[in-house]
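This report describes selected features of one protein structure. Please keep the sequence and the three-dimensional view at hand while reading.

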Amino acid sequence: MIGPARATTRKTLMGRSATAVPNCGERTWRRIVTGSSMSTWLLCAIGSAFLVLSIVYIQSMSSSSSSFQFQHVITKSSSEEGSTNKEIMMELIQWERAKELEEALTNVTLSKRLHDKTSPQGKAFDWLVLQDGLELAASSSHLIQRYVLAVLYYATTGHQWHYANNVWLSDKHECKWSQDFGASGSSKKGVFQCDSDNRVRHLQLADNNLVGSIPPELGYLTWLESLDLESNRLVGSIPTELGLLEHLEYLNLNSNKLEGNIPLSLKNLHRLEQMLLYFNDLTGVVSDDICILVDDVALYNFQTDCLSTSSTTDEEPAIQCECCSYCCDGISHCALPQD
């Protein structure tokens, strides 16, 4: 595993001239000069020539606007005098893996976000390439799942979570990213359940000090059945990408500071049985297309802030909903919907 302490930019290796390619060692060359090891000379010559051609190739590739930007993978050893051919070869292999990972993840996140080291997506990509002990290949069926969960961690200040922050981003399989708590470990926070194919089915992070916004990448946990993020400090809007969670049955986002409209894309959640969105700053009108889920009997528990904050005035509620099973005032009180 190549840890963060070895990370640097591409400039060192990209700027290395042919004369800077390390030799095979002074002792080896001394033997070559004395004629004692022609086979060794041939191997060193071929190896050095290959490295020079590889570096020239990478330099030409890096000039293309569509090529991988390299900034994540070239290690500190490149800048040190006395680097070996083996070390440079390892850097080239690491670069190739990073390029393949990027290509696999662009189905979920734009490349420019992966290259932005200040974004949750860039931090998650950096972690996958440089720090993750599993070192998943781009072809791994769990790559996107592991990446999405890493993005969630960075997007919601994961190091400050009450529970599961000590196992999240560990070298364990992501289905093991959970922590038991309560009397005799009767409760669990984190990845609550996976299926027999190690696909995340239940994500339980309620009341866990999540601070930040819900990343759109969460919609790519395509086998998710239950998502519970209630009673945190989440801000921003509900991502439209949550409408991709076609297996979702339970969505609980209540008691946060989410704002904006309830996205129309949620109409695609045909298996949804409970959707709890109350005690937020959401506004607008619930679409008839979403109400069809209630009419089809699948969505039997739908709660929003559709109750007016005042019983003595004609003040409109924050959300207008004709199909909600329960209405709240956005503060502390809930009741059956008013006729």
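This is a predicted model: local features need pLDDT of at least 70, side-chain atom pairs count only at pLDDT 80 or more; totals for chains, interfaces and linings use all residues.

The model contains an open sheet of nine strands with mixed pairing, arranged in the order E1-E2-E3-E5-E7-E9-E12-E14-E15. Its edge strands are E1 (178-181) and E15 (334-335), each of which pairs on one side only. As a general principle, strands of a sheet pair through backbone hydrogen bonds, either parallel or antiparallel.

## Strands E2 and E3

Strand E2 (residues 187-194) pairs with strand E3 (residues 200-204) in the antiparallel sense, over four bridges. In this pairing, Gly 190 stands opposite Gln 204 in E3.

Strand E3 also holds His 202. The side chain of His 202 forms a polar contact of 3.1 Å with the side chain of Gln 193. Leaving aside residues up to four places away in sequence, His 202 touches Gly 190, Val 191, Phe 192, Gln 193, Leu 224, Glu 225 and Ser 226.

Strand E12 (301-304) is covered on both faces. Asn 301 and Gln 303 are buried on one side, and Phe 302 and Thr 304 are buried on the other.

E12 pairs with E9 in the parallel sense over three bridges, and Met 275 stands opposite Phe 302 in E12. E12 also runs parallel to strand E14 (residues 326-328), to which two bridges join it. Here Gln 303 stands opposite Tyr 326 in E14.

## Helix H8

Which residues of helix H8 are buried? In H8, which spans residues 288-295, they are Ile 290, Cys 291 and Leu 293. These residues lie on the same side of H8, because they cover an arc of only 140° around the axis. The cover over the buried residues of H8 includes strand E9 (274-276) and strand E12 (301-304). Asp 288 and Asp 295, by contrast, are exposed, and they sit on the face of H8 turned away from its buried side.

The surroundings of the helix ends can also be described. At the start of H8, a side-chain oxygen of Ser 287 comes within 3.0 Å of the backbone nitrogen of Asp 289. Val 297, which follows H8, has a positive phi, near 75°.

## Helix H6

Helix H6 (120-131) has 12 residues and reaches 15 Å from its first C-alpha to its last, close to the 16 Å expected at 1.5 Å a residue.

Why is H6 described as largely enclosed by the rest of the structure? The reason is that nine of its 12 residues are buried. The buried residues of H6 are Gln 121, Gly 122, Ala 124, Phe 125, Asp 126, Trp 127, Leu 128, Val 129 and Leu 130.

In soluble globular proteins, nonpolar side chains tend to be buried together. The largest nonpolar core of this model has 68 residues, and those with the most contacts inside it are Trp 168, Leu 203, Leu 218 and Phe 302. Helices H4 (85-105), H6 (120-131), H7 (143-155) and H8, together with strands E2 and E3, each supply at least two residues of this core. H7 gives the most, with eight residues.

The contacts of Leu 218 illustrate this region. Not counting residues up to four places away in sequence, Leu 218 touches Val 148, Leu 152, Leu 203, Leu 227, Leu 229, Leu 242 and Leu 245.

Key:
Residues are numbered from 1 along each chain as its sequence is written. Side-chain values use heavy atoms; hydrogens and water are left out. Buried means under 20% relative accessible area, exposed over 50%, partly exposed in between (1.4 Å probe, protein chains only). The arc is that of the directions from the helix axis to the C-beta atoms. Contact means heavy atoms within 4.5 Å. A polar contact is a pair of N or O atoms within 3.5 Å; within protein, one must be able to donate a hydrogen and the other to accept it, and residues adjacent in sequence count only if both atoms are side-chain atoms. Two strands pair if DSSP finds at least two bridges between them. A nonpolar core is a set of buried Ala, Val, Leu, Ile, Met, Phe, Trp, Tyr and Cys residues joined through side-chain atoms within 4.5 Å. The expected span of a helix is 1.5 Å times one less than its number of residues.
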